[in-house]
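Please look over the model below before reading the notes, which are arranged by topic for a reader who wants the geometric criteria stated alongside each description.

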Protein chains: 2
Amino acid sequence: MDNSRLQGIRTLISAEGIDSLLVSEQENRRYLSGFRGSSGWLFISQKQALLTTDFRYTEQARQESQGFEIMQTNGETAIWFTKLIQTHGWHKLGFEAQYIPFATYQQLSKIIEAEHLDLELIPCYRMVEKLRCIKDATELNIITKAVQLTDAAFTKFLSTIRPGITEKEIAWEVEGFLRKNGAEATAFDIIVATGPNTALPHAIPGERRLQQGEPILIDMGAKIDGYCSDFTRTVCIGKADKTLQEIYSIVLEAQQAAIEGIKSGMNGAEADTLARNIIEAAGYGNNFGHGLGHGIGLAIHEAPFLSRLSSDILSDSMVFSIEPGIYIQGYGGVRIEDTVRLENGSVKILTKSAKSLSF
Amino acid sequence: MDNSRLQGIRTLISAEGIDSLLVSEQENRRYLSGFRGSSGWLFISQKQALLTTDFRYTEQARQESQGFEIMQTNGETAIWFTKLIQTHGWHKLGFEAQYIPFATYQQLSKIIEAEHLDLELIPCYRMVEKLRCIKDATELNIITKAVQLTDAAFTKFLSTIRPGITEKEIAWEVEGFLRKNGAEATAFDIIVATGPNTALPHAIPGERRLQQGEPILIDMGAKIDGYCSDFTRTVCIGKADKTLQEIYSIVLEAQQAAIEGIKSGMNGAEADTLARNIIEAAGYGNNFGHGLGHGIGLAIHEAPFLSRLSSDILSDSMVFSIEPGIYIQGYGGVRIEDTVRLENGSVKILTKSAKSLSF
């Protein structure tokens, strides 16, 4: 695995005043070790890098996580955890507080007490995430590929939609296109919503059939080598009514303002405000109930977050979505989303698809 | 939503000595409320049933969770959580200790202290899971449909495999079949492994091409109306060598012993032993490193667990997998898996596909 990542986390481990870090979150684990299995813990100290996993994954771990010592966990946690801690002589073990369940914390605490281990468990926050949010050249390259694939899938979408086709049928066509053209998976369940269903920001594709003159929204992402893209367009076959035209142009204007206004050094709340101000000024403030965007990488939602309460500082080489929306219950909604990155202080749009209500 | 489920959880809430329960785990939330969104908390007491979620999901929640009061969470948790607790006058709030992250527990604890709430947080274990593991007639009906679909997909698999085809190509053909024939999704990422890759119990389909005379393993599941099936077969095109024939017949014998021997009232470890004894007696004990099976329902892995350390008691109307395996590193492996249910004390096999190394 990329050794600079291990160096990076070791610097943060020092700064945190711990002597070892337990990494349990799946994407954090993969980022540091390359291990793609769904179960396992990393233990990282200044000198050691260890991956513990069970029988199902030890062979895979050996193949994927070179540079990591692989330990197969057998039977009771009390036994192997105690041995592990005693062998390495750790005294301050950090853990990912946002991901370790309360019950696991309790279990480890009980083992520490019962086995008289001289070990303190220290809750840590967003350590690997701090590294992950800055993308290196290889990561940017893969994400760009994933974005290009969603652009191509949007062309496929446009050639697929016609009055009478169901949301599910469209979603399946687009998914097939993504999978046959290089995506190992979709980044999340594809959203295809038509008519009033477009008022649900996270609609599930159903049996509803597309009609002329109503909005149809697609929100999709491709996953390539573990990395995601995120993409939304809202379009209309035939003539859109006045409301749809109006909210479309407001959302587009809000997105454009964010694209032009977001600069490195801003925080997530300031970025969010750029778009929100425009939507509020147009009288639709209550209809834009989610954040402006989120970081994109190994996870589809990761740091930095662009929202009203976010203090995340935006900086060069971050990749995130810009996706304002207006949703009117019972009528429908519009969302427009690009995947972008920050470069030389400004936004560079990775998504190339045109933004137009009618095609 | 099914009111008997709410009654069931209220009985458990009483027994636990709490006055309210916070349900955060996704499938538990869906089981009790019908809500399919990816974010939200249920608060359930003897009289109230409340679903809190954010803007993205409130409209969906209203449609899906009738009988639940829907509360849209805005802004800081400290504000809405405090108001919620004060309004309802709860004093002992149970939470799902296996799913609530340590950081969330800490956050709620800090709010309780800062706001001087007269509220105790009580860690609870497997409350909704206790209800979920007993399937009612409707659930059994849906799961049976999902199992029938994987049987049909296995026929598709057999007509697809040929020397030279890659694991990825096969996986995509099978997934397409599942999705076009009624599955809303696959129950998990399909495993297709060929040759030595079959030694990895959770292999990821890759570019390797199938050859004559080597094992090919498919592990797949369909999801219908939220419910999963789970299915594995190992087959061989052309003549299998002696080792493959030997381990196949041992695994088959072990599975048959479990199917015949598992009875309601046994615990998960006793069930596991039925198959493990046979594999151990044949000298392959160290090559069967995972448990014999797991419950199947809204989650692909849920209670009851059939494994060496499981004290789960098996009972009628439970649905689970029986899936012994033997894995030899560098050579390959065999796993055979059916989805079964317990009925009148004995195993009834839902999976109908033939078990044969050669087709």
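Predicted model: local features only at pLDDT ≥ 70, side-chain atom pairs only at ≥ 80, totals over all residues.

Residues are numbered from 1 along each chain as its sequence is written, and chains are lettered from A and ligands numbered from 1 in the order in which they are written.

**Contact between chains**
- Chain A brings 30 residues into contact with 30 residues of chain B, where contact requires that the C-beta atoms of two residues, placed from the backbone, lie within 7 Å.
- On the side of chain A that touches chain B, α3 (58-64), α5 (102-114) and α8 (167-180) of chain A each supply at least two residues; helices (H or I, at least four residues) and strands (E, at least two) are DSSP runs, numbered from the N terminus.
- The most is given by α5(A), with four residues.
- This side of chain A divides into 16 nonpolar, ten polar and four charged residues, with Ala, Val, Leu, Ile, Met, Phe, Trp, Tyr, Cys and Pro counted as nonpolar, Asp, Glu, Lys and Arg as charged, and the others, Gly among them, as polar.

**Domains of chain A**
- Chain A is divided into domain 1 (3-132) and domain 2 (137-349), with bounds that come from an automatic or database domain assignment.
- The C-alpha centres of domain 1 and domain 2 of chain A lie 35 Å apart, and each of these domains gives six residues to their contact.
- On the side of domain 1 of chain A that touches domain 2 of chain A, the largest share, three residues, comes from α2(A), and the residues of that side divide into one nonpolar, no polar and five charged.

**Sheet**
- Six strands of chain A form an open sheet of mixed pairing in the order β4-β3-β2-β1-β5-β6, two strands being paired if DSSP finds at least two bridges between them.
- Because β4 (69-72) and β6 (120-124) of chain A stand at the edges with a single partner strand each, one side of each is left without a neighbour in the sheet.
- Strands β1 (residues 20-23) and β2 (residues 41-44) of chain A pair in the antiparallel sense over three bridges, and A:Leu21 stands opposite A:Ile44 in β2(A).

**Helix packing**
- The contact of α9(A) with α10(A) includes A:Ile250 and A:Ala254 in α9(A) and A:Leu274 and A:Ile278 in α10(A), and its residues divide into nine nonpolar, two polar and one charged.
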